[in-house]
Amino acid sequence: GCPGHSPLMRRLLLNSSTLTAGAVVAQLLTAVALWLAARVLEPARFGPFVGLLGLVTLAATVADFGVNAVSIRWLARYPEDTAAFTTTLSAKILMAVLLGVIWAALSLASVVIGLATEGDGVVSALLGLYLVAAVVSTTLAVPLRGQQRMTLVAIGGVWEELVVLVVTAVLLLGLRLGTEAIALGFVAGSVASAIFYAALLD
């Protein structure tokens, strides 16, 4: 191959390896948190929670509409032009809050009309907070991805799921909370990763 392509290929390989390793560790931490919840909670409570979590995760992914990918490419080409990211961040925060409010309203409505218990409504509303924090967190990671600082991106992902596991374990085993424990764990994890990424922004 061409000698000039060697450093680029090495960087791509390093970045992809780092992201893959981080994703594997993060998924393992998430799996442990869910396993712990499955062992402690009744199946009638844990099953619906996993369903709601899947819906929220899907909503957070769909809410992006590919905007983050476009912003990453733009910042990679024009690292000094932060206006695009600022606009994206503002729009995504507004969208996240709107989605969170809609989710919370639907959660409340489900309790009022008798489709869900009050406890399930609280858990669902907490997942609405997780939706907001997750969208903001992934958006705050955009500049790091654009600068190819993938090690920090991976660390942020692992940090998020570690907080999920620790908070879930403390609330489940220590305070003996129900599904609220793991819902709060996911909220805390996304907030922690958002703070981590925000602290790294110039």
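This text walks through a predicted model of one protein, from its overall fold to single residues.

Start with the fold. The protein has eight helices and zero strands. Read along the sequence, the pattern is α-α-α-α-α-α-α-α. The chain counts 202 residues, and 38% of them are buried. The protein exposes about 11100 Å². Carbon and sulfur atoms supply 73% of that area.

Turn to the interior. In soluble globular proteins, nonpolar side chains tend to be buried together. Here, the largest nonpolar core has 37 residues. Those with the most contacts inside this core are Phe 49, Leu 127, Tyr 130 and Phe 186. Six helices are named as sources: H1, H2, H4, H5, H7 and H8 each supply at least two residues of this core. H5 gives the most, with ten residues.

Take Phe 186 as a way into the core. Leaving aside residues up to four places away in sequence, Phe 186 touches Thr 30, Leu 34, Phe 49, Leu 53, Tyr 130, Glu 161 and Val 164. Two of these partners, Phe 49 and Tyr 130, are also among the core residues with the most contacts.

Why does Ser 107 count as buried? Its relative accessible area is 3%, and buried means under 20%. Ser 107 touches Gly 121, Ser 124 and Ala 125, with residues up to four places away in sequence not counted.

Next, the empty space. Rolling a probe the size of a water molecule over the atoms shows where empty space is left. In this model, the largest pocket holds about 810 Å³ of space. Its lining has 32 residues. Closest to the pocket centre are Thr 138, Arg 145, Gly 157, Glu 160 and Glu 161. One of them, Glu 161, is also a contact of Phe 186.

Which helices each supply at least two residues of the lining? They are H1 (5-40), H2 (43-62), H3 (67-77), H5 (118-140), H6 (142-146), H7 (150-174) and H8 (179-200). H7 gives the most, with seven residues. By type, the lining divides into 15 nonpolar, twelve polar and five charged residues.

Finally, visit the loops. Gln 148 sits in the loop between H6 and H7. Its phi is near 60 degrees, a positive value in a residue other than glycine. Gln 148 is partly exposed, because its relative accessible area is 31% and that class runs between 20% and 50%.

Arg 149 is found in the loop between H6 and H7 as well. With 32% relative accessibility, Arg 149 counts as partly exposed. Leu 144 and Leu 200 touch Arg 149, again not counting residues up to four places away in sequence. Compare Arg 149 with Thr 18: they are 131 residues apart in sequence and 10.0 Å apart in space, C-alpha to C-alpha.

The loop between H7 and H8 holds Arg 176. Arg 176 has a positive phi of about 60 degrees although it is not a glycine. Is Arg 176 buried or exposed? Arg 176 counts as exposed, because its relative accessibility is 63% and the cut-off for exposed is over 50%.

How values were computed. Residues numbered from 1 in each chain as written. Predicted model: local features only at pLDDT ≥ 70, side-chain atom pairs only at ≥ 80, totals over all residues. Heavy atoms only, no water. Helix = DSSP H or I, 4+ residues; strand = E, 2+ residues; numbered from the N terminus. Buried < 20%, exposed > 50% of the residue type's maximum accessible area, 1.4 Å probe, protein only. Areas by Shrake-Rupley, 256 points an atom, 1.4 Å probe, with all protein chains shown as cover. 1 Å grid on protein atoms, 1.4 Å probe; cavity = no way out; pocket = protein on both sides within 12 Å on 5 of 7 lines; lining within 4 Å. Points joined across faces, edges and corners; volume = space filled by probe spheres on them. Nonpolar A, V, L, I, M, F, W, Y, C, P; charged D, E, K, R; others polar. Contact = heavy atoms within 4.5 Å. Core = buried A, V, L, I, M, F, W, Y, C linked by side-chain atoms within 4.5 Å.
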